[in-house]
2 protein chains.
Amino acid sequence: MTSLSSLPYKGTRDYYPEDKRVQNYIFETWRRVVERYGYQEYGAPMVEPLEVYTAKSGKELADEQTYSFVDRGDRTVAIRPEMTPSISRMVAGRRQELGYPARLYSIANFMRYERPQRGREREFWQLNADIFGVESSLAEAEIIGMAYDTVKAFGAKDDMFVIRINNRKLIDFVMSGYLGLDVVGSQMMMKLFDRRNKIDAEEFERQAREILADGADEGMRKIGKLLDVTSVTSLPSSLQDSTLVEEIKELEARLLKNGVKNVKFDMTLMRGLDYYTGTVFEVFDMHPDNNRSMFGGGRYDGLVGLFGVESIPTVGMAPGLTPMELFLRSHNLLPELAPATELGIIIVDEDSVQSALDLARTLRDEGMNVETDISGRKLDKQIKAAIKKQLPFIIFVGENETKEHIYGLKNLATGEEERLSAERIVSKIKDYRRGPVDDDAEL
Amino acid sequence: MTSLSSLPYKGTRDYYPEDKRVQNYIFETWRRVVERYGYQEYGAPMVEPLEVYTAKSGKELADEQTYSFVDRGDRTVAIRPEMTPSISRMVAGRRQELGYPARLYSIANFMRYERPQRGREREFWQLNADIFGVESSLAEAEIIGMAYDTVKAFGAKDDMFVIRINNRKLIDFVMSGYLGLDVVGSQMMMKLFDRRNKIDAEEFERQAREILADGADEGMRKIGKLLDVTSVTSLPSSLQDSTLVEEIKELEARLLKNGVKNVKFDMTLMRGLDYYTGTVFEVFDMHPDNNRSMFGGGRYDGLVGLFGVESIPTVGMAPGLTPMELFLRSHNLLPELAPATELGIIIVDEDSVQSALDLARTLRDEGMNVETDISGRKLDKQIKAAIKKQLPFIIFVGENETKEHIYGLKNLATGEEERLSAERIVSKIKDYRRGPVDDDAEL
């Protein structure tokens, strides 16, 4: 028989313990942030009927990017490519029972059939946090404030990222009322704006003129006034009297009051998904090596209503694991993460196995995370394995230790070794767990 | 447009916050147990090439129960129906880099195309914990000891469950050497033994005689001696001199020394998956309403070797979420689980919104989980929503509170209300979080 490949399926990733620690660190930090705001965790199935996505996620996502298939009972289903339709379905299913505003979050994996590239995998993880039942921009202010905190919680500075905002209704008004485009032209122009950072200025102009057709010169002059606007107040005067502009100003003021300082209005921000109905936003990494959108969100008031109940106003966001990890690495914000295992017991000889196991049980009862090397190998091999596993401490258990109940505790990072009782080992490890005491902190 | 169904896909489950809390409680308890033993967490992709399962998981699982499909690049893949092949692949992929014994665990979801029934869903969650690199039965003793702890950690008593053990090599010897069956007959008899608790005694005998064919009377007499053996020492004498019996005795003795008291040898225990090579075990719920296998595990020494590297001895287990939840509910072991949100702020009037938001930020900075009712609805609706969300406390913020910085804190469970400063609210909630002080505890 030929052997099987040990590589993961294309575009997916194996998380070995050191990778999983990074993942858990990011997840736990996010979890802390959203729970501070009162979000409660939920879970949804990893597959949904495909129609849940074709309805509103957008043609590209549903038709070209889903992992969809026909099940053994002839139902067409898809591995979830995103969470928004699932949580909208769940909220619809208990519309009456839930208390509003309902604040819900999940941390889950998704699959999209895309060309794998840096920061983009076919299987990827996201936090999804959504607030249901708030019509006013207080909901946007909360979600964007929380988006800000999900980055700041890692120790990020305000100049490391920027939050760009726009509004779908304003976009629609700009496309039809300001640029005079029809429905098809509007769609094409929105897609072009969305690609603006991925193509050069000449190509942008060429395609824009094609869409504008007859009124190309006038249209290009108008577009020119939109492109580099960084504040809603500097939009062309013909757009200034829109109530939408008032709404955006109000949101910006609210965010500032809530301590969110790096928000920028950006008329070219579109967001790909079809279901957004109002505010949209994106968090951009400002690192020169990694200048890209990290994640986004916005208001989508119509999605719950697709599931046979009255609609509910909703605002949400979905930070992704891999973009966040890249952000943290580029800005040097990722701490060293130790394994959960705190102590390895090296067994000196076969006769000491049971006393090593007994000691391990005693230490576990005290709340220590302890492994025993029951491989029966020589001491040097056992020590090497402990180092590979990045264990912070090891102790040796042999004939003498079993008799005297005093063990050599070795710190594998510093090489220090002390002879201690089980009790003292427990307090040593508890000190270590609390983190190193920085003697120079006050100097 | 017709509306979409709000029901989850058949055989999958929506976890609303109260369900998710139960899930998290079980996961966190398991996590604590396996980390105590030095297991480190990993993650694997939700899809694998199908051949990873056809190789060793067993024909029924791979051919009939996987969610398999052809991807857009013509690869045949499957949503994982179990974790063992994935972790074996991952260990093979870093065979040299890992330190042994390698102790690895994950908590993940899986899909199998089965008829949904009580305690069995198409999408299900499992803990998987495996130890790689130990040939001796010390590995079995550790995994079975840990299986015991994953149940005991919830407060279970020894008589609520039993751990049945057997050995695949002994099974093979019994089928061929003792019952004289050929390969096909052995396979059929193993499947029949496996179904023994699902059919009645007559049907069992009818099918057994069919498999035994010529020597049916003699065979039935021999089978009779096997069926109700609960200790390896009461096996028929012709099986007693097998070294396998010695191994099982040694394992039982080791488990007893490690404090695991409810282990029973069971010659009819088979375990469905093809990859087991030695010890197999199953944890059975003894509750009369729920008398069933909760989970199992065993030794599978050959799986890593399928991925182009030398094999590694392995023992593992895989407790499932739903069987564990049923166990806890039958035995009344599930505690009440409060939401993570500790406090809801009721906003008395529109002018108090910003001061309510400011207070929420202050309380969050002190580590509190606080939500604000920004729905703009009347007081009674806000309070009803807080009750629906099972928030333990609410406070009211209006004109007076904004001026005086004293807030009415209401305990929604007891109805008690006190007027307190923000500082005192923080310490009240911290007391609540530490758990109620039981005044009668010592009486």
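Trainee: Which residue of chain A comes closest to the rotation axis?

Mentor: Phe69(A), with its C-alpha at 3.2 Å from the axis. Keep in mind that this is a predicted model.

Trainee: What rotation superposes chain A on chain B?

Mentor: A rotation of 180 degrees, with 0.0 Å of shift along the axis. The RMSD is 0.0 Å. The two copies are therefore related as by a two-fold rotation axis. The same surface serves both copies: 100% of the contact residues of chain A recur in chain B.

Trainee: How many residues does each chain put into the contact?

Mentor: Interface size is often quoted as the accessible area lost when the parts come together. Here, count residues instead. Chain A supplies 79 residues and chain B supplies 79 residues. On the side of chain A that touches chain B, helix H1 (residues 17-36) gives the most, with 6 residues. That side of chain A divides into 38 nonpolar, 20 polar and 21 charged residues.

Trainee: Now a helix. Which residues of H6 (residues 168-178) of chain B are buried?

Mentor: First, the general idea. An α-helix has 3.6 residues a turn, so residues three or four places apart point the same way. In H6 of chain B, the buried residues are Arg168(B), Leu170(B), Ile171(B), Val174(B) and Met175(B). Seen down the axis of H6(B), they fall within an arc of 165 degrees, so they line one face of the helix.

Trainee: What do the buried residues of H6(B) pack against?

Mentor: Several elements of chain B, including strand E7 (161-167), helix H7 (183-194), helix H11 (243-257) and strand E9 (279-285).

Trainee: And which residue with positive phi follows H6(B)?

Mentor: Gly180(B), with phi near 70 degrees.

Conventions. Residues are numbered from 1 along each chain as its sequence is written. Chains are lettered from A and ligands numbered from 1 in the order in which they are written. This is a predicted model: local features need pLDDT of at least 70, side-chain atom pairs count only at pLDDT 80 or more; totals for chains, interfaces and linings use all residues. Two residues are in contact if their C-beta atoms, placed from the backbone, lie within 7 Å. Helices (H or I, at least four residues) and strands (E, at least two) are DSSP runs, numbered from the N terminus. Ala, Val, Leu, Ile, Met, Phe, Trp, Tyr, Cys and Pro count as nonpolar, Asp, Glu, Lys and Arg as charged, and the others, Gly among them, as polar. Copies are superposed by least squares on the C-alpha atoms of residues with pLDDT of at least 70 in both. A residue is buried if 20 or more other C-beta atoms lie within 10 Å of its own, exposed if 12 or fewer, and partly exposed in between; C-beta atoms are placed from the backbone. The arc is that of the directions from the helix axis to the C-beta atoms.
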